[in-house]
Amino acid sequence: MIIIDKLCYYSKLRYQNPYIKTAWAMIALIITVSTRSIALSVLILAAMSYLTVIKGGTNLRRYCHFMAIPFAFLFLSSFAIAVNFSKTPLSVLSLPIGSWYLTASFSGLYLVLQLILTALAAVSCLYFLTLTTPMPDILMVLKKVRCPYLIIEMMMLIYRFIFVLLDIAYQLRISQICRLGNKDKRTSWKALGELMAVLLVRAMKRANEMYDAMESRCYNGVISVLEETGVATKKEIALLAICSLCLTAAALCCAYLGI
Amino acid sequence: MEETIIKAENITFTYEDGTQALKGIDIEIKKGRKIAFLGANGSGKSTFFLCLNGIHQPSNGTLYYRAEPYHYKKDFLLKLRSKVGIVFQDPDRQLFSASVRQEISFGAMNLGLAIEEVKARVDRSIEDLEITAFQEKPTHFLSGGQKKQVAIADILVMDPEVIVLDEPAAALDPKHTTIVNHHIDQMAKKGITVLISTHDVDHAYAWADEVVLFHEGKIIKSGTPKTVFSDEKTLLATNLQKPSALRLFDDLCAKGLFDPSLPPPRNLEELEQYIHDISKRSTAL
């Protein structure tokens, strides 16, 4: 149904320890965002893409497609940063508009490049996590780092309900189409409104029913379930430590060289 | 003397909107029995089931669990629900977790067992219900039949004394119906009291020790399958057909082909065996 959710279950890295995967993604993310170095961003982008596509077996085309999603936002925001509206022309571009100039500078373009690469590297870190680690594993990690129970339980129920409600919505949509609910624009919009109203009612009903079913299994206010992802092995921890150290060293070099 | 595990005395239940779903139900449920509940949609079976584990509190009348009257305090309800489990008709109504193992562990965790014990029970339920092949899949990838297997494991893991299954075969293909029925038989063999609601008269007749007919919020007939399904007037009132094996047997008895003193066949296989025996006898003559 939601393709991005499906992919992690088929990833070859799915059964790798989720704590290590999360820690690696987070360390890389923090280093990328805090250094904002162009060279380092390229390195991390390459490393994460290698892990996700080559090691994890995610389809390359699909991966590129996912990477392209943030571009729309990046393009708009970088245009705003690179191009200025000023009374004095700058080094790269200057289009006179009346007594003003639409203009851009080299330093501005450099900033944009830095921004785009940092953003892409950061996104690649998150995609690595999303495309190799199923939601229940991520919840387990959150529990380990003492995220409040309320948030974890909400995430768990919401995640499950996304699919329950999508399924209901899909069936309602099909049955509307079968009865020509999309014959023209007006009917389509009306059908969509009705679908949403019914979906809300169904969601409330489902929630009540699920509460009864949980009560039937002695639910007492806290959702307790079995946690059993193995502890990370020494080898995994060592690998994580070495990779993180290398990354930190690279970050320091980049900072020293100023690239 | 069989031990009574749940007793209902004249219970009534009215929904908030004024619908009177139960209009005075009296029943004694004996330990270790296999009981089939039949009746039209909306005849009160599901409401009655929800009364059994204290989700619904009857408007009038009393329920007893092993002679202890139900009271609706938290500790009693938790104890009751750990003993009386319900498998809901629609598994999507029951499954709340995306992980099969976590889903199954929920009930066992709530019993306050040691983690090792919970793990052992989850493993056993997964094996017993043949879930092993798809236990790593998220619940939203499973087929309806597989979800049903998980829904049953959800309850079985709590090791209850009574399991209530609300239309266990609804919306299942023949393969999964067979699987589910097989697991229900296994539960009964272990001594668990099994209550199912169904519309399948043939299955109820072949399987149950006791059949209960619901009609408009009342029990209009209960007893052994043979007595209930021989009462044609009541069957007609509830729009139920006579089980095919019994109907054919009665017809063949009327034609003088069978001896009516024979024990009536419980299913078509037994009837076939009777027919087979006749043809053997006639060839011997």
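In this predicted model, Lys30(B) is buried, with a relative accessible area of 16%. The side chain of Lys30(B) meets that of Glu28(B) in a salt bridge, at 3.4 Å from N to O. Glu28(B) counts as partly exposed, at 37% relative accessibility.

A search of the whole structure gives 23 salt bridges over all chains. One of them pairs Asp154(B) with Arg217(A), with the closest N and O atoms 3.4 Å apart. Asp154(B) lies in helix α6 (residues 144-156) of chain B, and Arg217(A) in the loop between α9 (185-216) and α10 (234-257) of chain A, so the pair joins two chains. Asp154(B) is buried, at 0% relative accessible area. Arg217(A) is buried too, at 1%. A network of salt bridges links Arg160(A), Asp92(B) and Lys147(B).

Within chain B, Glu232(B) forms a salt bridge with Lys242(B), and the closest N and O atoms are 2.7 Å apart. Glu232(B) belongs to helix α10 (residues 232-237), whereas Lys242(B) sits in the loop between α10 and α11 (244-254), ten residues apart. Lys242(B) is buried, with a relative accessible area of 14%.

Chain B also holds an open sheet of four strands, in the order β2-β1-β4-β5, with antiparallel pairing. Strands β2 (20-30) and β5 (68-69) stand at the edges with a single partner strand each, so one side of each has no neighbour in the sheet. Two bridges join β4 (residues 60-65) to β5(B). Tyr65(B) has Glu68(B), in β5(B), as its bridge partner.

On the surface, Ile2(A), Leu150(A), Ile151(A), Met154(A), Ile158(A), Ile162(A) and Leu166(A) form a nonpolar patch, with about 600 Å² of accessible area together. Ile158(A) is placed in helix α8 (residues 149-178) of chain A. Ile158(A) is partly exposed, at 49% relative accessible area.

Conventions:
Residues are numbered from 1 along each chain as its sequence is written. Chains are lettered from A and ligands numbered from 1 in the order in which they are written. This is a predicted model: local features need pLDDT of at least 70, side-chain atom pairs count only at pLDDT 80 or more; totals for chains, interfaces and linings use all residues. Side-chain values use heavy atoms; hydrogens and water are left out. Patches are made of residues with over 30% relative accessible area and no salt bridge: like charges are joined within 9 Å, nonpolar side chains (Val, Leu, Ile, Met, Phe, Trp, Tyr) within 5 Å. Accessible areas come from the Shrake-Rupley method with a 1.4 Å probe; for residues, only the protein chains shown count as cover. A salt bridge is a side-chain nitrogen of Lys or Arg within 4 Å of a carboxyl oxygen of Asp or Glu. Buried means under 20% relative accessible area, exposed over 50%, partly exposed in between (1.4 Å probe, protein chains only). Two strands pair if DSSP finds at least two bridges between them.
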